[in-house]
Amino acid sequence: MNMRFLGNTGIKVSELCFGTMTFGGRGTWKTVGELEQKEADTLVGMALDAGINFFDTADIYSEGQSEEMLGKALGSKRKDVIVATKVRGRTGPTPNEIGLSRHHILEGCHASLKRLGTDYIDLYQLHSFDDRTPLDETLRTLDDLVRDGKVRYIGCSNFAGWQLMKALAISELYGLERFVTLQAYYCLVARELENELVPLCLDQGLGILPWSPLAGGFLSGKFRRGQPRPEGTRLSDPNARFLQFDEEKGFDIVDELERIGEAHNGTVAQAALNYLLRKPGVCSVIIGARTPEQLADNLKTVNWVMTQEEVARLDELSKPPRLYPYWMLEMARQNR
Ligand SMILES: NC(=O)c1ccc[n+]([C@@H]2O[C@H](COP(=O)([O-])OP(=O)(O)OC[C@H]3O[C@@H](n4cnc5c(N)ncnc54)[C@H](OP(=O)(O)O)[C@@H]3O)[C@@H](O)[C@H]2O)c1
């Protein structure tokens with residue numbers, strides 16, 4: 001397993017990160033996965049054996065169960081790995097158990113440390129933007145957590161370009177910790193990130209951590225044009241289908257992924273993940289799995305490398321809509 005630097009930091013993480021959103025199953029998370037501790041232990045063990053040293057969770061996944069189970073599954077290996085978690089979502093019924101206020105971040109961090117059974121979080125990420133809390137309040141609180149040794153690096157997720165750039169400017173202005181990573185929805189059926197956020201991350205030295213790299217399972221090859229959705233999968237449940245993408249275009253992409261996968265003795269899922277590993281700015285792709293078979297398939301992604309010509313074919317087939325001002329900026333770039 002290749003290692004890559006986590007953004008501009010001196011820490012190395014595996015190019016595949018294992019996301020643990022399928023652990024637990026409490027509340028509305030049931031359709032994503034209901035893995036019990038024994039199953040979680042198996043998957044974490046497989047990931048470690050394959051050379052993964054990077055794990056992602058969040059305080060809200062299965063209402064805290066995912067963090068608890070990850071902490072238990074890692075056990076004594078915790079010191080050898082990089083653990084990423086998140087704060088922002090609702091964690092209780094009272095008015096302040098949500099958001100990016102000083103109050104909620106401090107409470108949230110202590111609760112996450114306890115559930116994970118650790119003294120520090122390697123990468124503490126804002127799960128998304130909070131338009132009510134001033135960014136200075138949020139960033140000062142994160143800075144305090146780093147100074148206290150409870151958090152080592154900070155990152156964000158699901159931010160718009162202006163929000164991320166404003167946060168980086170505030171960090172610079174006041175000498176506060178700055179985000180080292182952006183965790184974002186980025187895959188072959190969702191390349192909108194390339195308009196604004198990928199260039200921003202390249203310019204500012206942030207590592208990109210794509211989430212839902214298989215579009216929730218769609219890009220695994222088990223969903224085919226004109227065929228019924230396989231039962232028991234996340235995407236067969238209409239309530240769990242919140243990811244936005246054009247399915248018709250997606251089916252053409254799956255056909256191409258199958259051709260490319262076969263050329264390398266690989267699978268559709270491996271080809272979809274392999275593509276992301278070749279994209280500029282990507283630091284580590286956050287893979288998800290509900291079964292050992294799925295994880296074994298996804299882990300084999302690193303056994304082969306997609307060619308530049310294959311990447312170009314997929315780039316062309318999956319081109320995102322050209323939005324203003326990006327097409328205008330592209331014209332300006334060519335006329336320089
Ligand atoms: N920051 C955020 O807002 C955010 C949002 C979402 C996820 N994440 C992070 O990203 C991680 C990955 O997200 P994700 O689970 O949505 O990733 P994904 O790779 O898009 O989807 C994973 C799901 O696809 C199916 N699958 C995976 N590999 C397969 C294979 N080889 N063959 C057939 N089916 C396969 C499984 O679901 P079924 O068996 O049900 O089909 C699996 O649970 C999460 O664990 C979490 O850490 C972050």
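Me: What covers the buried residues of α2?
Reply: In this predicted model, the cover over the buried residues of α2 includes α1 (37-49), β4 (54-56), β5 (82-87) and α3 (102-116).

Me: Which ones?
Reply: The buried set in α2 is Gln65, Ser66, Glu67, Glu68, Met69, Leu70, Gly71, Ala73 and Leu74.

Me: And what follows α2?
Reply: Gly75 comes after α2, and its phi is positive, near 50 degrees.

Me: Changing topic. How many residues are in the largest nonpolar core, and which have the most contacts inside it?
Reply: That core has 92 residues. Cys187, Ile208, Leu219 and Ala272 have the most contacts inside it.

Me: Which helix gives the largest share of this core?
Reply: Helix α8, residues 268-277, with 8 residues of the core.

Me: What does Cys187 touch, leaving out residues up to four places away in sequence?
Reply: Cys187 touches Pro210, Ser212, Pro213, Leu214, Ala215, Leu219, Ala272 and Leu276.

Me: On to helix packing. At what angle do α5 and α6 pack, and how far apart are their axes?
Reply: Helix α5 (residues 161-174) packs with helix α6 (residues 197-204) at about 20 degrees, and their axes are 10 Å apart.

Me: Is the crossing left-handed or right-handed?
Reply: Right-handed, as α5 passes α6.

Me: Which residues meet there?
Reply: From α5, Gly161, Leu164, Met165 and Leu168; from α6, Leu197, Leu200 and Gln204. The contact divides into 5 nonpolar residues, 2 polar and no charged.

Me: Last one, Glu256. Where is it found?
Reply: Glu256 is in helix α7, residues 247-263.

Me: Why does Glu256 count as partly exposed?
Reply: Because Glu256 has 18 other C-beta atoms within 10 Å, while a buried residue needs 20 or more and an exposed one has 12 or fewer.

Me: What is Glu256 in contact with, leaving aside neighbours within four places in sequence?
Reply: Arg313, Leu314 and Leu317. Glu256 and Leu314 are 58 residues apart in sequence, and their C-alpha atoms are 7.5 Å apart in space.

Methods:
Residues are numbered from 1 along each chain as its sequence is written. This is a predicted model: local features need pLDDT of at least 70, side-chain atom pairs count only at pLDDT 80 or more; totals for chains, interfaces and linings use all residues. Helices (H or I, at least four residues) and strands (E, at least two) are DSSP runs, numbered from the N terminus. Two residues are in contact if their C-beta atoms, placed from the backbone, lie within 7 Å. A nonpolar core is a set of buried Ala, Val, Leu, Ile, Met, Phe, Trp, Tyr and Cys residues joined through C-beta atoms within 7 Å. Axes are lines fitted to C-alpha atoms, for helices over the stretch in contact, and angles run from 0 to 180 degrees between N-to-C directions. A crossing is left-handed if the near helix is turned anticlockwise from the far one by less than a right angle, and right-handed if clockwise. Ala, Val, Leu, Ile, Met, Phe, Trp, Tyr, Cys and Pro count as nonpolar, Asp, Glu, Lys and Arg as charged, and the others, Gly among them, as polar.
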